[in-house]
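The structure comes first, then the details.

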Amino acid sequence: MKSFYITTAIDYANGSPHVGHAYEKVLTDVVARFRRLMGDDVYFLTGLDEHGQKVQQSAQKRGIEPIELCDEAAEAFKGLCQSLDISNDDFIRTTEERHKDVVRTLLQKLYDEGEIYKSEYKGYYSARAEQFLQEKDKVDGEWPEIFGEVTEITESNYFFKLSKYQDWLIEHIKTHDDFIFPRFRAKQVMEFLKEPINDLCISRPKERLEWGIPLPFDEDFVAYVWFDALINYISGVGYGTEEFDKYWPVDYHVIGKDILLPPHSVYWPIMLKACGIALPKSLLVHGWWLSSGEKMSKSTGTAINPLDMIDQFGTDAFRYFVIREMNVGQDSNFSFELFMSRYNSDLANDLGNLLNRILNMTARYTEGQIPACETEGDLEKELWTLWENTGDKVIGLYEDFQFHTGLDKTFAFISSINRYVEQTAPWKLAKSEAEDDQKKLRTSLYVMAEALRLAVGLLEPVTPGVTEKVYALLGYESSQTWKERLQRSDALTGRSVGEKTILFPKPQAEGK
Ligand code: MSP
């Protein structure tokens with residue numbers, strides 16, 4: 001069985017979950033579920049980034065210990081994963097011993113090998129970004145808003161020899177087309193690497209920052225939060241154990257475009273290279289959810305709490321919306337109106353009503369039992385031809401992360417099932433006593449149930465709850481592989497359907 005390892009970024013513990021975090025988890029989950037359905041042995045890691053100045057400051061403001069704040073955040077983000085039906089195998093917190101041990105081991109190794117040195121640093125520092133800045137970071141002579149207050153400081157620190165690997169990194173990206181997806185993001189990295197890169201300051205003096213992992217070779221300093229956080233990807237899969245050998249190198253690190261450069265595309269590959277660890281196979285870089293053209297975020301007050309939406313509309317509706325609306329890699333606008341329009345038209349009408357029509361008619365015309373296919377006419381042939389052009393294509397699209405198009409095609413097929421229902425009009429056939437019409441009636445009931453079974457099968461990575469419910473309502477159980485289940489069969493014949501169910505209820509008060 002092929003092993004497949006996938007991760008999300010680990011969220012900052014000082015924020016509360018918003019749509020951006022939720023999207024990344026759902027996207028990663030869709031890929032993980034898809035690979036599992038395709039037969040891979042998947043390991044899916046997510047977690048929480050708990051150290052650093054911002055956590056220390058937020059805790060101070062609230063008069064609590066940083067770890068208390070982190071414990072609260074861990075509950076909130078784990079809760080988010082549950083509410084979103086995320087199938088992660090583990091949740092790593094950077095305050096866990098298993099993580100801190102690996103960070104310290106690697107720091108010591110790099111120090112012993114002369115990859116880390118001590119030096120005096122004089123320059124600009126942004127506490128908000130927890131980052132040293134250079135003149136070139138100014139825009140029109142000013143520090144951009146994102147850096148908050150910028151101060152000039154002089155201090156001794158430890159530096160990691162990043163610059164010595166610059167040429168190697170350029171070569172690696174040039175020769176590994178799959179390293180960054182989508183490809184246009186690799187161009188941005190290459191552009192960045194045209195300028196010489198500086199060595200990376202990987203320590204913070206304890207007097208300025210206590211909330212971090214002490215350097216094993218100098219306890220007066222803690223590790224820079226990115227140097228600490230990135231290592232979760234290996235500590236969370238048991239670095240140094242058999243588990244690690246099984247799953248590393250990671251297949252995909254799923255991240256937002258804001259953290260590609262420099263942490264994931266420069267620091268992380270060089271850290272691994274310097275430690276003699278294999279590089280990630282690929283970075284899957286998604287875009288941002290925007291609100292009125294701006295990145296949705298807590299600091300701009302535009303963050304939507306996904307949990308409120310899930311409470312009102314259900315997990316699968318949320319999952320469907322974010323995957324249907326976002327072309328992976330691009331930005332997308334998040335609006336309540338857009339959500340409602342997808343909810344009503346795709347989910348409640350096209351899918352939900354179809355299911356109920358099938359359940360109703362089967363209950364009424366064949367005593368709740370799905371009949372056999374007895375005759376195939378043009379309408380049936382047309383629908384099956386469309387299926388032949390849908391199933392494998394959608395799998396191919398999923399393979400290329402074109403989930404939005406995959407869903408579009410799947411719903412085009414669902415619309416065709418609805419058209420088939422209109423065209424065969426079982427309610428008219430039911431009025432006729434002619435044996436031919438009765439055969440057509442039974443066939444149409446069979447065909448629409450079978451077509452729906454196939455369609456919801458394709459939705460499984462995205463809306464696993466819907467698939468499970470519809471399977472149950474069609475009386476369908478199967479131990480076949482996913483690909484087998486996506487083949488036409490007569491498995492539904494003779495099955496008893498369930499009671500009418502509203503999959504996607506109309507919201508009580510719209511716009512709430
Ligand atoms: N802690 C760092 C990541 C460390 S990974 C070793 C971090 N945390 S974050 O909470 O700010 O962001 C977590 C993820 O959510 C990032 O991949 C980020 O791009 C993503 N998103 C945050 N806001 C977003 C949107 N508005 N839209 C889509 N995703 C965005 O960065």
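How far does a polar side-chain atom of His 21 lie from an oxygen atom of the ligand, and what is the value? The distance is 3.1 Å in this predicted model. The table sets this contact beside two others.

| Residue | Protein atom | Ligand atom | Distance |
|---|---|---|---|
| His 21 | polar side-chain atom | oxygen | 3.1 Å |
| Glu 24 | polar side-chain atom | oxygen | 2.5 Å |
| Trp 289 | backbone N or O atom | nitrogen | 2.8 Å |

Taken alone, the ligand exposes 670 Å², and the protein buries 96% of that. The shell around the ligand holds 25 residues. Ile 10, Glu 24, Asp 49, Asp 258 and Trp 289 come nearest. By class, the shell has 12 nonpolar, 8 polar and 5 charged residues. Several elements each supply at least two of the shell residues: β2 (11–12), α1, α7 (225–230), α8 (232–235) and β13 (252–256).

Now the helix. α11 spans residues 306–313. Pro 306, Met 309, Ile 310 and Phe 313 are its buried residues. Seen down the axis of α11, these buried residues fall within an arc of 100 degrees, so they line one face of the helix. An α-helix has 3.6 residues a turn, so residues three or four places apart point the same way. The buried residues of α11 pack against α1 (19–37), α3 (66–83), α12 (315–325) and α13 (336–365).

At the start, a side-chain oxygen of Asn 305 reaches to within 2.8 Å of the backbone nitrogen of Leu 307. After α11 comes Gly 314, with a positive phi near 95 degrees.

Technical notes:
Residues are numbered from 1 along each chain as its sequence is written. This is a predicted model: local features need pLDDT of at least 70, side-chain atom pairs count only at pLDDT 80 or more; totals for chains, interfaces and linings use all residues. Side-chain values use heavy atoms; hydrogens and water are left out. Buried means under 20% relative accessible area, exposed over 50%, partly exposed in between (1.4 Å probe, protein chains only). Helices (H or I, at least four residues) and strands (E, at least two) are DSSP runs, numbered from the N terminus. The arc is that of the directions from the helix axis to the C-beta atoms. Contact means heavy atoms within 4.5 Å. A polar contact is a pair of N or O atoms within 3.5 Å; within protein, one must be able to donate a hydrogen and the other to accept it, and residues adjacent in sequence count only if both atoms are side-chain atoms. A residue is near a molecule or strand if one of its heavy atoms lies within 4 Å of it. Accessible areas come from the Shrake-Rupley method with a 1.4 Å probe; for residues, only the protein chains shown count as cover. Ala, Val, Leu, Ile, Met, Phe, Trp, Tyr, Cys and Pro count as nonpolar, Asp, Glu, Lys and Arg as charged, and the others, Gly among them, as polar.
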